[in-house]
Every structure is written in structure tokens, then in C-alpha cells.
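Dear colleague,

Please find below the structure that I am passing on to you.

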Amino acid sequence: SRAYETWLNGVHPDDRQRSEEISRRALRGEIGYDTEFRVLWPDGSIHWLKANARVFWDEQGAPLRMVGANHDITMHKLLEAQLRESEQKYAILFEKSAVPTVLIKVPEGTIQSMNEASEKLTGFSRQEVLGLTPYEIGIDRAASQAQLISKLIEHEAVEAVEMHLINKSGETCILIANIIPLLISNQLYAIVTLFDITERKLTEEQLRKLTNMLIEGQRIAHLGS
């Protein structure tokens, strides 16, 4: 019909063939008419529409008419595109960061992902740790999980928490963890960045022992005089 041709001509050229096929299948009763497509407005702008319709047939099964409604979902599509772009940028930063970083699901406290630097630090691959808690892969409880989770649920960051890690090779590392809550699609996560301070701690311990030795030496010299 002329109305149908007018509608079809307004559909974006890249979506026209698919939209026409969906319409034909709906008129044959093969599928329900529930689709999304782009349209060209008179000013040349592109808009997204979501369309739902019901087909009515006569007694012989021939389609009589299609009745439905179109909803402009352009803003929704733009927001989706922006979210995808942000997620892609975040994924690149997360993966390639030189700082060991772990993504934790809250309140379960289970590992959802970790980057290459974390694999190197812990000795575990991300496939091995998926669904486990940090404590199950050798990170000691420097602070109780319940306390950390409680703060994250309140959207409070947790900074400079000292933890100990026994990596897959059995070596012990001393870590400083910074934990930041992150809401993704209404699901709360925590981004945990880990800094290895083992060497610094060993140096501090050696310095402390040397200082004690000097003090003790001075005390003995004083007594001897």
C-alpha cells in the first residue's frame, strides 16, 4: 500500500531490507512484530524507533491490517553507545595497566577478572581465580572481609590496607591495597589495586635491626667506659 511504501522509504537504507523482511514474516504469522530500526527524519537526522504491532487476519488467513505503535528510543541508543565506548576504554586501561588490578563482585567478594599484572604478581591465571575470593588465592586477611564489604556497600573507598600474599610459587609478598567501589549496570563491584612493598618492608626491617645494633653497641661502649 501507499502508506506502507511511505513508511518503508523513511527507514534508514541500512535497515530497510531487514525491516521489510520482519514485516513480511509478521504478516505471514511466522513471528510477532517487535523490532528496532533507524529512520531518517525530514531534517536529515537519524533516529531509532522501537516498534510493536499486532496483525489481524480474515477468515481465510489473509492479513487485513497491522496495528501498533512506534517509540523513539534514540536517547537510549546514544546512552548505550556511550556506555559501550566507556567500557571499551576502561577494559583497555584495566588490562594494560602496569599496576596489579582485580575486579571484585560485591557483596559476594568473588573475583570477576584481573589484569596481566595481577597474574604476574599472584602466579595464577584469571581463569584459575574466577569466582574465588582473594583469600582463597593466598591473600591474607589484614582486615575482615565483612568490614571491607560493609564499607563498599556504603560506597566508601578503602585506602592503604596492608595485606600479605602467598603466591602460587609459595613466596610471600607484602601488599598495599586500595579498594574503590564501582557501580556497573546497577551491580556493585570493587576495583582493587595492589602495590608490592615487600622490598621496602625488608629494607625497613634491615634498617631497624642495624639501628638496634648501633644503639646496643653504644650502650656497651658506654658501660665499658
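In this predicted model, Y4, W7, L8 and N9 of helix 1 meet R16, S19, E20 and S23 of helix 2; contact means heavy atoms within 4.5 Å. By class, this contact of helix 1 with helix 2 comprises 3 nonpolar, 3 polar and 2 charged residues. Here Ala, Val, Leu, Ile, Met, Phe, Trp, Tyr, Cys and Pro count as nonpolar, Asp, Glu, Lys and Arg as charged, and the others, Gly among them, as polar. The axes of helix 1 and helix 2 are 9 Å apart, and the two pack at an angle of about 145 degrees. Axes are lines fitted to C-alpha atoms, for helices over the stretch in contact, and angles run from 0 to 180 degrees between N-to-C directions. Helices (H or I, at least four residues) and strands (E, at least two) are DSSP runs, numbered from the N terminus.

As to conventions, residues are numbered from 1 along each chain as its sequence is written, and side-chain values use heavy atoms, with hydrogens and water left out. Because the model is predicted, local features need pLDDT of at least 70 and side-chain atom pairs count only at pLDDT 80 or more, while totals for chains, interfaces and linings use all residues.

Helix 2 also lies across strand 1, strand 2 and strand 3, running at about 150 degrees to strand 1. These strands form an open sheet of 3 strands in the order 1-2-3, with antiparallel pairing; two strands pair if DSSP finds at least two bridges between them. Strand 1 and strand 3 stand at the edges with a single partner strand each, so one side of each has no neighbour in the sheet. The twist averages 35 degrees from one strand to the next. Strand 2 and strand 3 are paired over 9 bridges. Along this pairing, W57 stands opposite P63 and K50 opposite H71. The hairpin of strand 2 and strand 3 has 5 residues between the strands, and G61 there takes a positive phi near 90 degrees.

The largest pocket has a volume of about 390 Å³. Of its 19 lining residues, the closest to the centre are Y4, W7, S23, M66 and V67. On a 1 Å grid over the protein atoms alone, a pocket is an open set of points with protein on both sides within 12 Å along at least five of seven lines, a cavity is a set of points where a 1.4 Å probe fits but cannot get out, and lining residues have an atom within 4 Å of a point. Grid points are joined across faces, edges and corners, and a volume is the space filled by probe spheres set on the points. Helix 1 (2-10), helix 2 (13-27), strand 1 (33-40), strand 2 (46-57) and strand 3 (63-72) each supply at least two residues of the lining of the largest pocket. Strand 3 gives the most, with 8 residues. The lining of the largest pocket divides into 13 nonpolar, 5 polar and 1 charged residues.

The second largest pocket holds about 200 Å³ of space. S86, E87, Y90, L182 and I184 are the closest to its centre among the 10 residues that line it. Helix 3 (74-96) provides the largest share of this lining, 5 residues.

A further open sheet contains 5 strands in the order 5-4-8-7-6, again with antiparallel pairing. Strand 5 (110-114) and strand 6 (158-166) are at the edges, each with a single partner strand, so one side of each is left without a neighbour in the sheet. Strand 4 (residues 101-105) is joined to strand 8 (residues 187-196) by 5 bridges, and L103 stands opposite I191 in strand 8. Helix 6 (residues 145-153) lies across strand 6, strand 7 (172-184) and strand 8, at about 30 degrees to strand 7.

Finally, the structure holds 2 cavities of 30 Å³ or more. The largest cavity has a volume of about 210 Å³, and I104, P134, L148, I179 and V192 are the closest to its centre of the 15 residues that line it. Helix 6 gives the largest share of that lining, 4 residues. By class, the lining of the largest cavity has 13 nonpolar, 2 polar and no charged residues. The second largest cavity, with about 30 Å³ of space, is lined by V102, I111, S118, T122, I137, I139 and L194.

With kind regards
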